[in-house]
Amino acid sequence: MMKLLVLGSSAGGGFPQWNCNCTQCAGVRAARPGLRPRTQSSVAVGGAENWVLVNASPDMLQQIRATPALQPGRRLRDSGIAGVLLADGQIDHTTGLFMLRERGARLPLWCTDPVYADLTHGNPILRVLEHFCGVERHRVTADGAAFEVPGVAALRLRASPL
């Protein structure tokens, strides 16, 4: 059975936002009923023991700790994260990659050519990761062609231009 886990549903900065004192953000800080903190946007798709992260927010470590399915515990050092799919190269969707740097193998990463170029030149996150786990980049084309992430059975993805 395929599942979608919402790891975070807030815009950049989370909720409450670190520099905001609007009624809602102040209400979260004051523990007002009906308001809960939220981490920045990211989801996981998969099931059983392997998952694809869609985007990697700066809140990645908190999101992994709050999601037992991403820690199946098959080995002493383990993760259910089979790979990461980046929808874009925005800071709020990519800086969580740094938190995945201690993998025992290269990080499987799916992204388009413009995202890859941005993350190797403009904001060189992927070049930094080469000094740690490294990245196994898989090219995504926005032509609707289906692709799969090994280890995540029955998941077929398609990228479309927006």
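**Exercise 1. Strand 2 and its partners**

Task: How many of the residues of strand 2 (residues 42-47) are buried, and in which sense does strand 2 pair with strand 1 (residues 3-8) and with strand 3 (residues 50-54)?

Solution: Begin with strand 2, which is mostly covered, since five of its six residues are buried; here a strand is a DSSP run of E with at least two residues, numbered from the N terminus, and buried means under 20% relative accessible area, exposed over 50%, and partly exposed in between, with a 1.4 Å probe and protein chains only. The model is predicted, so local features need pLDDT of at least 70 and side-chain atom pairs pLDDT 80 or more, while totals for chains, interfaces and linings use all residues. Residues are numbered from 1 along each chain as its sequence is written, and side-chain values use heavy atoms, with hydrogens and water left out.

Next, turn to the pairing, for which DSSP must find at least two bridges between two strands. Strand 1 and strand 2 pair in the antiparallel sense over five bridges, and L5 has A44 in strand 2 as its bridge partner. Strand 2 and strand 3 also pair in the antiparallel sense, over five bridges, with W51 in strand 3 as the bridge partner of G46. Finally, strand 2 and strand 3 form a hairpin with two residues between them, and A48 in the turn has a positive phi of about 55 degrees.

**Exercise 2. The cysteines**

Task: How many disulfides does the model contain, and how far is the nearest cysteine sulfur from that of C22 and from that of C111?

Solution: Apply the rule that a disulfide is a pair of cysteine sulfur atoms within 2.5 Å; the count comes to zero disulfides. For C22, which is in no disulfide, the nearest cysteine sulfur is that of C20, 3.5 Å away, and C22 is partly exposed, with a relative accessible area of 30%. For C111, also in no disulfide, the nearest cysteine sulfur is that of C133, 14 Å away, and C111 is buried, with a relative accessible area of 0%.

**Exercise 3. A lining**

Task: Which residues lie nearest the centre of the largest pocket?

Solution: A pocket is an open set of points on a 1 Å grid over the protein atoms alone, where a 1.4 Å probe fits, with protein on both sides within 12 Å along at least five of seven lines, and lining residues have an atom within 4 Å of a point. The largest pocket is lined by 21 residues, of which R77, D78, S79, E102 and R103 lie nearest its centre.

Terms used
Helix = DSSP H or I, 4+ residues; strand = E, 2+ residues; numbered from the N terminus.
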